[in-house]
Amino acid sequence: MTTATTSTAEQAQQEIADEFAFFADWTERYQYLIDLGKQLPPFPEALKTEANRVLGCQSMVWMVPSGDAQEMRFIATSDSAIVSGLIALVLRVYSGRSAKDIVATEPRFIEAIGLAKHLSPTRSNGLAAMLAKIKAYATALAG
C-alpha cells in the first residue's frame, strides 16, 4: 500500500468506497481494515513520544508530519489492529497532498463505506482526533 497513489484526494476516497463495496458484510470489512493496517510502513520506536501522540484516541496512536505546504506527508501507527487500518485509510486520502488540499478535503469516505455506523464511540472519537490533527498540521502550513 502506498499513500497518494491517485492524483486527488477525492479519487482516493472513491477508490476506498469501491474497495469496501466488494465486501458483503462488516466482518469482512473489519478484516480488510486489519489487513490494511498490517501494510503500514514500520514506525520508528524513537518517534513514539508523548509529543507525537494523538490525544483523544482510546488506543495509543502516534503521528508525525513532514514536508511543506506543497506536499505534506504523514507517518502514523497504533497499538490497535483496527485503528491501524483506519490510519491506513486516512493516510491514503491525506498524505502526499498539499496543505491547502488537506484543509479543503472532507473525509467523505467515512460515510461512503458506512464506517460511522460500525465504529464504537471511542474509535469514532479517535478517528476524529486523527483527522483534526492532520487538518491542524495542514492549516499551520497553509497559512
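Thr 77 lies in strand β2, where strands (E, at least two residues) and helices (H or I, at least four residues) are DSSP runs numbered from the N terminus. At 14% relative accessibility, Thr 77 counts as buried; buried means under 20% relative accessible area, exposed means over 50%, and partly exposed lies in between (1.4 Å probe, protein chains only). The model described here is predicted, so that local features need pLDDT of at least 70 and side-chain atom pairs count only at pLDDT 80 or more, while totals for chains, interfaces and linings use all residues. Residues are numbered from 1 along each chain as its sequence is written, and side-chain values use heavy atoms, with hydrogens and water left out.

**The chain as a whole**

Seven helices and two strands make up the secondary structure of the protein chain. In sequence order, these elements give the pattern α-α-β-β-α-α-α-α-α. The C-alpha trace spans about 40 × 30 × 25 Å along its principal axes. A compact globule of 143 residues would have a radius of gyration near 15 Å, and the 14 Å of the protein chain agrees with this. The radius is taken over C-alpha atoms, and the globule rule is 2.2 Å times the number of residues to the power 0.38.

Of the 143 residues in the protein chain, 45% are buried. The chain carries 13 positive and 15 negative side chains, and the centres of the two sets lie 3 Å apart. Lys and Arg count as positive and Asp and Glu as negative, whereas His and the chain ends are not counted. The place of a charge is taken as NZ of Lys, CZ of Arg, CG of Asp or CD of Glu.

Contact means heavy atoms within 4.5 Å. Among contacts between residues at least 6 apart in sequence, 66% join residues at least 24 apart.

**The hairpin**

Strand β1 (residues 61–67) and strand β2 run antiparallel and are joined by seven bridges; two strands pair if DSSP finds at least two bridges between them. The two strands form a hairpin with four residues between them. Within this pairing, Pro 65 has Phe 74 in β2 as its bridge partner, and Met 63 stands opposite Ala 76 in β2. Strand β2 (residues 72–78) is mostly covered, as five of its seven residues are buried.

Thr 77 is in contact with Phe 43, Lys 48, Met 60, Val 61, Trp 62 and Ile 87, leaving aside its neighbours within four places in sequence. Gln 70 belongs to the loop between β1 and β2. At 61% relative accessibility, Gln 70 counts as exposed. Beyond its neighbours within four places in sequence, Gln 70 is in contact with Arg 97 and Ser 98.

Ser 84 is buried, with 8% relative accessibility. Not counting residues up to four places away in sequence, Ser 84 touches Gly 37, Leu 40 and Ser 78. Ile 82 is buried as well, at a relative accessible area of 15%. With residues up to four places away in sequence set aside, Ile 82 touches Tyr 30, Leu 33, Ile 34 and Arg 123.

Arg 108 has its place in the loop between α4 (99–104) and α5 (109–112). Its relative accessible area of 34% makes Arg 108 partly exposed. Arg 108 touches Glu 10, Gln 13 and Gln 14, again not counting residues up to four places away in sequence.

**Separation in sequence and in space**

| Pair | Apart in sequence | C-alpha to C-alpha distance |
|---|---|---|
| Arg 108 and Gln 13 | 95 residues | 7.1 Å |
| Ile 82 and Gly 96 | 14 residues | 23 Å |
| Gln 70 and Gly 56 | 14 residues | 28 Å |
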